[in-house]
Structure formats: C-alpha cells, structure tokens
Amino acid sequence: MPARHLTLRILSRLATSLVVAWASVTATFVALHALPGRIEDILAGDVDFPGLREAIAAEWGLDRSLPAQYVDFLFRLAHGDFGTSYVLRRPVIEVVGSQLRPTVELALAAGLLAVLLAGGLALATAGRGRLARGLASSLELVAASTPVFWLGILLLMAFSFSLRWFPVAGAKSWNALVLPAIALALPTAGLLAQVLRESMEKTLNQPFVTTVRARGVGETAIRTRHVLRHALLPAVTLGGWLIGGLLGGAVITEKVFGRPGLGTVTLGAVLTHDVPVVLAVVLLAALIHVAASTLLDILYLLIDPRLRAV
Amino acid sequence: MTASPHSAPATVALSTEDLIGSVAGTSAAPSRVVRPGLRHPPRFILAAGFLVLLAVVALGPSLFTGYDPLTGDVSETLQAPSWVHPFGTDRLGRDVLARTLYGTRYSLLIGLAGMAVSAAAGVLLGVLAGLRSRLLDEAVSRLFDVLSSFPGVLLAMLVVTFLGQGMANIALAVGIAGIPKFGRVVRAQTQLVRGADYVTHAAIYGLGRSRIFLRHVLPNVLVAVPVIATIYIGNTILVVSGLSFLGLGPQPPTPEWGVMLAESRDLLRVAWWPGVFPGLAVTLTVIAFSIVGGALQKSFEGRLA
Amino acid sequence: MIDPREPLVDISGLSIAFPAQGDGPVVQGIDLVIHPGECVALVGESGSGKSVTARSLLNLAGDGARVEAARFRIRGRDARTFREADWRRLRGTFSGLVMQDALVSLDPLRTVGHEVGEVLTEHRLVSGRAALAERVHATLAKVGMPRPAERARQYAHQLSGGLRQRALIAAAIAAEPDLIIADEPTTALDPGIQNQVLAVLAERVREGAGLLLISHDLALVARIAHRVIVMRAGRIVDAGTTRAVLEQPRHPYTRQLLAAIPSAASRGGRLASARIASGPGTSAIARDPLPPRVAVEPRLVLEVRDIAKHYAQRAAPGQTGAFTALEGVSFTVRAGEVLGIIGASGSGKSTCAKIVLGLLEPDAGEVRLLGETWSGIPETRRRPLRRRLQYIPQDPLSSFDPRYRVEDIVAENLPDPGAKDRRARLLALLDQVGLSGSVLDRHPRALSGGQRQRVAIARALAAEPALIVCDEPVSALDIGIQAQILDLLADLQGRLSTALLFISHDWGVIQHLADRVLVFQDGRIVDQGSVADVFGSGGATAPGWRAVA
C-alpha cells in the first residue's frame, strides 16, 4: 500500500512539473507575440540588413496562423532549435552551448561550497552554547545580506590586486574559479545556514528529541541521526529557489570577474536587443529550475513518510 | 473515610478556592500564554534606528551633505577619504559620500515600487488561491510555479530586452518576479485562517459568509502582509542593485549604489573607496530590514502560517 | 511484590533551579525513593514541578538547570559525582522514559522498529541485524502489539492511538531497564485505551521493574500505584501509601484536590468550595448545594431525528474507503435539561455536535430547534434563531479572533452591539461568570486557561440562548479550575434554565452534571437514559461503557 501511494505521488509531481514547464514555454511565446510592434522588428534587434526581415519571417514561419506558429515553436524547442541570433549571425544553440560550460562550472562549484559551509555551520552550532549560536547567526545574517557583486569586488581587491594570489579575470585555469565561486557561494550559504539552523533548533525542542536523549544517545548522534532529516525538509523546499538564485548570481559574478560564460553572452544580448538569445537563456534556466525543483520535491517525499499517506 | 490518628483535632475549613485558586494564579502559568508585543533586544533597536535614519536621508539628503552628487570638481579626482571628503571622491571628482546618500533614494524607491507590485498581485492571487475552490487553487499555484521558475535576474533581463533599460522597468521586473513569494505565503495564511475555529464557528454568532470574510478572514490574512514585505524587501534591494550593477537599471550618472559599484570595478587597482562604501550601504540596509522583519515575525508568532 | 532490597532511586532534599531565569528554585526539598517492583505516583497540577523532578532522575532537567540534593543515589551510587558519560550509560539501560502522545514523542520520520531498536544499538546490547530485529519484535509483542514484525516497519502516524502508545512504551523498555518513568502516558487518550496502557505498565511492575508514574489524575494513579506523592508549587505536600493519601489525606491541598473531583457522589453540590471536615471519627466531604434546579419543563428545545452522515474518505490513519460518521441518531433535549454525550474519539460525537450547531448538513434525518426546522435550510433562514443556540469550545483561545480583546469578543454576541448601555451589559455578563471588569481591555492571550473559558461562557450568555452546546469545555483544565468552571456552569444553568448539551469523555464529569446521557459508539447511540440508569447505582464504571472501550 505505502509503496503504491509513493509512486502515485511521484508520478503526480512529475506530471505537475511537465505542466509547469509547458506553461513557462507558452508564457514566453505569448509574451513575445503580445508585445507591441512587429515580431520581425523585435527579433531583429539592433541590426538591419537587406533581406533580414524576409529571412526572419521564413525561419519563424510568421506568415502562418498563430496556433501553427505555436506548434512549430514547441516542436523546434523540443529539438533544441532556438532559432538564429541575427546580431551574432550564428544559431542560438551554438552561441549558448559554447558558453555553457564555464557557467555550469561556476554554479556547481558555488552550490557545493554553499551546501558544505551551511551544513557544517548549522550542524556545529545548532542548539549549542549561546555564544556560538549568536556568533554563527550574525555571520549568516551578514553573509546573506551582502550583494554578490560587492563581495566579488572586495575579494578582488584583497586577493587579486593586493596579494596577487588569484587572476584578475578570465577562466583559463582552476585558479580563476576560486574567487568567483566563493563570492557566489557565501550569500547563498548564509541564507541556507539560517534556514537550516532555525529548523534544527526548532526540531531540537520537539518532545521526541527528549525521548531519544533518554535512550542515552549522544548530542552529535542526535543531530546527525534524527534532527538533520527534519531540518532538511525546509531546506529542500528552499532548494529550487536557491538554484534559481545561483543561476542569476552567476550572471552577475561573471561580470565582476570578467569571466566568460552565459552571463556575458546574455548581457550582451540584452544590450543589443538580441531577443532569440535572451529567450533561449531564460527558457533554459526555467527548465533547469523546474527539473531541479521536481527532483527536490521528490526527495522531500522520500524523506517524509507522513506525506505518503492519503 | 476513617480518621487518621495523626490528623489535627480541629476542623480544617479552608475552601478549595483559597488553595487551588491561588495556585492557579501563581505557579500554574498556562503553557499557552504568549507575551504579546515586540521584544526589544539591542539588535532590533539598532536596526530600526538605522532604517529611520535611512528614510530621513532618502527624503532629505541635502541635510547631510553640501556636495552635489552629479557634478564633480575635476581637480579633485580620486582623492582618498579625508575630513573634506569622508568617503573620498570618484573618477570625476564627485564626492562619494554625497552620492551614497543620494543613492538611498533610488534603492528604496525602486525596491518599494517593486514590492508594491508583488504585494498587490500576490495578495490578490494568494487570497483567491486560499479560498474554497480547489480548481482556482491549482490554477493559481501553477501560475506561481511558472513565475518562480524564471530566476529573478534573468526575468528582469527579459523584461529589459523587450522594454528597455531604466528604473521603472526593473521595478516592474522585480515586482513580477516577487509575486510568487507573496502569493504563496498569503495563500497559506488564508488557508490557516479559514480553518481556524473562530472562522468555522462564526456562523453561530449570526454572521453571514461575506461578513465573516470581511470582518474575520481578510484582516487576519492581511496582518501577514507587512511582515512578509519587511522580510523580503532586503532581498528585493539586493536584486535591484544587482541589476543596476549590470547596467540594466538607472544609467550613469545616476548615483544608484549598483551603478556606482559598476563604475568602481575598473578603478580597483588604484582606489578602494568607490568600491567599498556603496556596497557597505547596500549590505547594512539589507541587514537592517532583515532584523526588523525577523522581529516582526516573532511578535506575530502563532498567528502566521 | 515490592523488593525491599537496595532502592533503585534514593533522593532526599532535591532542589532544581534555573538561575538564568531568575526567581527561586522550581522544586525544593523533594524526597523520592523507588524500589524494584514498586509503582510510585507523582501527582500534581500543571506547574507543580513533577515533570522536571522526574527528568532530573536522568539528568535531563533542561538546559541550564542547577540540580542539588542532600542525597542522590542511583542504585547505591552517588549520582552527584556522575559526569555526562555516566548519565548516558544509564539512560535507556537503567531507566526508560515514556512521555505523552506518541505522535510527537517518537521520531515521525523513523519507523517504529528503528525507534524501538535504537537503545539497543546505542548501548551495543545486540549484534547483528537479525538479532536486533528479533529483539525488537519480541519487545513489541511484550507490550501486546499485534503483528509486531509488520508494525515495526510502519511509522507512528500509521498506527492507532493505543498502538502508538504501546510502541512508545516498547521503545522505552527494549533494553529492559530497571526503572520506567512515565510522564502523563495516558493523558488525552480515550478511557478504554488508558486502561490498556496502564495494564502494560502494571505488567512491567509485576515483573519487577520500578515505575515512576506522573499524572494530574489522582483517580487514574490510584489504580496501579503503591505509593503516592502529591506536589504543589515545587514542594511535596503529601506522601504515603495510595490508600493512606486517598482515604486519609493529611494536607488541606490534597483534600481539596480529592474533593474537587466530580463524580456521582458529588452530584448536586459545588466542587470548588468543598470542605473536608476532619476530626476524630469523621473525614467527610461537605459541599455547598447548588441552587435547586427549576423543574425541567416538557417543552422541547432540540429534536434530532434519525440523522446520518457519511464521508467518502476517512482522514484517520490505517483506514481507507467510505466511512459512516453517524447513523440513525435520534434524541431530544428538553428546556432546562442537561444532556450528556459520552463516547470515544471517532464515535461521532463531534460530528453530531456540528450538525446540531447547524455548521454541517446531515445526509439524512432532520433537526428541529425550538420547534422550527433547523437542518436542511439555507443559513439566512436560520439566522433569526441563531441567538438561541450557543457554543462553548474545548479550546477557547482558538475560537477567539486573535486581534480581538475581551470586550470585542463578548460584545460581538450582544443583540445590539452599538447600544448605549453596552458597557454596563458587558460588565454584568462578566460579573455573572466571575470576572472583573478589568479584563475587558485585555487580550485573551494574557489570561489564564480558566479565565479564557469564562470569557467564552460570557460570550455564549450574551445572546441569552435556550441551549448551549458544550464541547469538552473542561477537558484541558486542571482539576481545581475544572471544579470552578463546572460550578459556574451548574450555577448558570440552574438560574437561567438554559439547556446544556454537554460532551465529555470523562464519566465523572457527566455523572456529576448531567440529567440524562447518550453513549456514542461507531456513529450510533448504544445506550441512553438517566445517569443513574446508564451508569448503575453508585457506579464509577458502567459495564456498558466498558464494552464501548
């Protein structure tokens, strides 16, 4: 019985995420067509040369009916065809694909670092002495309130310009990943640590923890064996939002550190009104977000057996 | 009952009220009594004071500085902090302190405008989702999912691509991105209030559905709004200044903090002060809002979802 | 079968304080001795310090607690010299802790089997998964858990109340501790399940374990305790064998506590002001009489005919499918009468109350209030009669709008809230329920449980109702406050001739207050009649009710 319920819940969550993904894609399509002005002009952006409008019309099938265009849109997206960037005169997928890796590296490194920092800090200080808790929570507050770009600037000043430990710009070596990853990780770590600690302390006040203590289980084991699971629940809920934040923050970090990546590409596209590129990046981010949230929600279902009941 | 041979011979005539009643008054503190009102730890007072100061600065920056944020003395470019220029001067000889003070307006204004958009739409949708109709709830929740699947920064970039750069546009973008945050909390709050005994049993006192909604449900839902707003405005200001840093918001020479930091990046080798003070301002503002928001949330504990 | 050898616990002059919170010690001068095979009950109202005293036996009195004692020996060793590691060795192996409500006292994210086995793995008492599983199943079987292997794989929320509580006990005794500390293990459980849980604990005592049983319910502990210690405000006021304390209480507080317990014997008399006259030869309880009741008129206030309510899905654990909340329920309430409703949780009494209150529509049958149609009509048609039917909840605080002060709460129910003499009317109402006018400006959050309940009663009276539905109004109150509120209700009911539909799970309360009683089980009325008929003469427990449990 329970296994069947679990499977049903997982399937229903997957179905919901498909709906959301579809809706996000449709929303972008609607936004594109709902704007004032001709689509050809919007898509063309800042460039203009003879034959451009005709090429756009042909590629996007603008002479056809709206529903047909929509279906075509979905179809092409499913095949990874995001159209052509007229500003850069290359297929969008190429533009985006070539710059994907440095950004993903950065986001992953920062994410991992944030989780380790936050988890470690929360585990070490939750429910312990007042001094430790006060100090930790102040640290978390400051970290979560610091803008990523300022942190980046401070790190650059201290470690690149003064101490010269790390390169000032570029992504040529592993060295170049360190400062940007730290800058991106710290605010996220601060927020995550706050949530983790709060929920850990709330859990530590629950009656069942007294029961566990009365069995002779030590403080550390109580935290790792019992409290951590409970504390993860709100953190997991937060996870999707944090991933979105990492993606957005990566854009900013790349500008601060002069690092190549999707951020630079997108920024350039925004400033030259290169709509197909911006569209592609945004949709990609949205779909990644949906996928991540779905996985996290399923993780939540696996951790908390109370949700599996009818 | 047989007499105990050890009991006192006299009749004991105390009433229970004397004994048990007094016990109830003193030691038997009911576990559910919650002290209402804000606690006042020093952090809260400092933070609240800072915000008041911020508001004053935003309204009248000229009270605090005689310098013009937009014009600079070319002979005084890149001066280190001194008595004359406490925060130093920037590349064009402008006083950094003055620009930081004037910059308060922009961050607060854009942040508040964005929050207003999020709040208006978020509350409306959240209340709708929290009402009885399961269908409406599903529809609105999916809408929130769609909106929140676009990271705030990227959504703003999309809006700017279509509508162009500027303060109003990033305020709108940030506002739209923030709708799910308000909406989900308001939805949860609506469900909480609707399920509470004072609402489910209100019909006993002769109240009709619309009276119950207007008198009991809505006010207790709206109570959550200022708390959410204060908690999230810090994050909104972070995003707004980030977008300005990228060049999507107000343009130079506007003394917005994000813009100032963008300008300072290329000067890092020679001058540290243009890159430190505006960032410090952002950080302190966000910290202050977080502390006040957290204190508000604690004081409403138990009444909020 | 009390073993007079070395006591498990020998404490004298215990005091516990929380210096960080100022004030004085929370408990003082406590002497406590427990022998193997002996059940010692620690009784007192909330705030008396009984829980913190018990927890100090495991050194779990709380963060920042300062525990001092003249003598503190555990199994002959001086526990004052123990370090945390020594305490941890004792926890679970020497003593096991059973608390209230297994839903929150067991880790909801862990299976029952894991919880039961944790003490064994922590102290390395078994090796190997097979041996562990076997020991876990054996322990579950010992507490009377049917199909232990299956249950071990389930989670606490999937088990019914009684089974959950047994699982909690199993988790505490898996390592076969010499001492079991049970802190309100049966509170909030149905009487039938209370009996089962007590039986499990009593069995352990018979097998030689010591039991420290903490409760606020004197009647309950009387059933299995050998000795009773009564605490009040952090001190011991009475101690001795169960018989001695209950039959010849020495301290006035204990006497009044006993006298305040409602039962068939206390019928017609006030509880809160009961006096125990004790002199040579007599130790009787003298009670002031309640005002004589107006003869119950034959006019019918409420008629319930054959109502039924079905649900498509059950919200409780362990069951699925269509579920009948009520079936074929019929009864009447006459003017000025007190009709009691008693039944286990899930028996349908709350559903019945909601239908009577017009908050839920029955699927069949009808309800008539004061001769008018009440069920099956739109709310607007009910509105004129609403005033005549009021309600007193179990938890008054959640029935008050959190923004409202006492004045707003009570005034909302006045027939004319804007009238000029509104303040005078409010003061009169508060006076009727024994509250002073100073509470008008206060928030219910700042009032005590008893005061809040009085506010709820004042609100109900403001409408001058003919019938008040009382849904377990005293279940959450200490005995002393309960006595006061019951007296108040009896008073008002007698003077104003308001009919009461009184729901409770406490036989004593029903026997004390009600004229007639309905016994609910599985959505049906299985017994009804006058209190004397249903409970039998002088009966504390009715055979019919036993069968229900």
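How many residues of chain A are in contact with chain B, and how many residues of chain B take part? The legends below begin with this interface in the predicted model and then turn to a strand of chain C.

**Figure 1. The contact between chain A and chain B.** In this view, 39 residues of chain A are in contact with 35 residues of chain B. Helices of chain A that each give two or more residues to the side touching chain B are H1 (2-34), H6 (130-145), H7 (148-162), H10 (219-257), H11 (262-271) and H12 (275-303). The greatest contribution to this side of chain A comes from H10(A), with nine residues. Sorted by class, the side of chain A that touches chain B comprises 29 nonpolar, nine polar and one charged residues.

Figure 2. Strand E3 (residues 39-43) of chain C is largely enclosed by the rest of the structure, because five of its five residues are buried. Both faces of E3(C) are covered. On one side lie the buried residues C:Cys39, C:Ala41 and C:Val43, and on the other lie C:Val40 and C:Leu42, which are also buried.

**Figure 3. The pairing of E3(C) with strand E9 of chain C.** E3(C) and strand E9 (residues 210-215) of chain C run parallel and are joined by five bridges. Within this pairing, C:Leu211 of E9(C) stands opposite C:Cys39.

**Figure 4. The pairing of E3(C) with strand E10 of chain C.** Strand E10 (residues 227-232) of chain C also runs parallel to E3(C), and four bridges join the two strands. C:Val228 in E10(C) is the bridge partner of C:Ala41.

Conventions. Residues numbered from 1 in each chain as written. Chains lettered and ligands numbered in written order. Predicted model: local features only at pLDDT ≥ 70, side-chain atom pairs only at ≥ 80, totals over all residues. Contact = placed C-beta atoms within 7 Å. Nonpolar A, V, L, I, M, F, W, Y, C, P; charged D, E, K, R; others polar. Buried ≥ 20, exposed ≤ 12 C-beta atoms within 10 Å, placed from the backbone. Pairing = 2+ DSSP bridges.
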